[in-house]
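This report describes the fold of a single chain and then turns to the lining of a pocket. The sequence and structure are shown here for reference.

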Amino acid sequence: VDDERPPFSFVLARGEVTISEDVEQMLPWSIRIGTRYMGVDRGEEFGRRNAVAGEVLVRLSPHTVVAEAGIAD
């Protein structure tokens with residue numbers, strides 16, 4: 001993640017990644033994310049809409065995370 005707006009910030013995460021097209025594995029995460037952004041009332045609706053064939057679930061097991069905020073302060 002790179003924020004190019006002053007005073008500039010970034011996050012770099014490195015590690016092992018797995019990618020799954022399995023809708024059953026995707027669904028609980030999709031509902032969780034839908035709930036976070038759309039609220040409890042609509043989380044499942046958005047989760048089910050997004051956990052479909054053609055989408056993927058990407059999981060990162062980080063080994064290294066580097067983050068800096070306000071680099072140009």
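## Pairing in the sheet

Two strands are taken to pair if DSSP finds at least two bridges between them. With that criterion in mind, and bearing in mind that the model is predicted, one may begin with Ile19, which stands opposite Val58 in strand 3. Ser9 stands opposite Ala69, also in strand 3, and strand 2, which covers residues 9-20, pairs with strand 3 in the antiparallel sense over 12 bridges.

Strand 1 is joined to strand 2 by two bridges, and these two strands likewise run antiparallel; here the bridge partner of Asp3 is Ser9 in strand 2. Strand 1 and strand 2 form a hairpin with five residues between them, and Phe8, which lies in the turn, has a positive phi of about 70 degrees.

## Overall arrangement

The chain has two helices and three strands, and along the sequence these follow the pattern β-β-α-α-β. The three strands form an open sheet in the order 1-2-3, with antiparallel pairing. Strand 1 (2-3) and strand 3 (57-69) are the edge strands, each of which pairs on one side only. Helix 1 packs on this sheet, where it touches strand 2 and strand 3, and the direction of helix 1 makes about 40 degrees with that of strand 3.

As for overall dimensions, the C-alpha atoms of the chain fill a box of roughly 45 × 30 × 20 Å, taken along the principal axes. The radius of gyration of the chain is 16 Å, whereas a compact globule of 73 residues would have a value near 11 Å.

## The largest pocket

Rolling a probe the size of a water molecule over the atoms shows where empty space is left. The largest pocket has a volume of about 170 Å³.

The residues that line the largest pocket are Met26, Trp29, Ser30, Ile33, Gly34, Tyr37, Met38, Phe46, Asn50, Val56 and Leu57. Sorted by class, this lining has eight nonpolar and three polar residues, while no charged residues are found in the lining.

Notes:
Residues are numbered from 1 along each chain as its sequence is written. This is a predicted model: local features need pLDDT of at least 70, side-chain atom pairs count only at pLDDT 80 or more; totals for chains, interfaces and linings use all residues. Side-chain values use heavy atoms; hydrogens and water are left out. On a 1 Å grid over the protein atoms alone, a cavity is a set of points where a 1.4 Å probe fits but cannot get out, and a pocket is an open set with protein on both sides within 12 Å along at least five of seven lines; lining residues have an atom within 4 Å of a point. Grid points are joined across faces, edges and corners, and a volume is the space filled by probe spheres set on the points. Ala, Val, Leu, Ile, Met, Phe, Trp, Tyr, Cys and Pro count as nonpolar, Asp, Glu, Lys and Arg as charged, and the others, Gly among them, as polar. Helices (H or I, at least four residues) and strands (E, at least two) are DSSP runs, numbered from the N terminus. Contact means heavy atoms within 4.5 Å. Axes are lines fitted to C-alpha atoms, for helices over the stretch in contact, and angles run from 0 to 180 degrees between N-to-C directions. The radius of gyration is taken over C-alpha atoms; the globule rule is 2.2 Å times the number of residues to the power 0.38.
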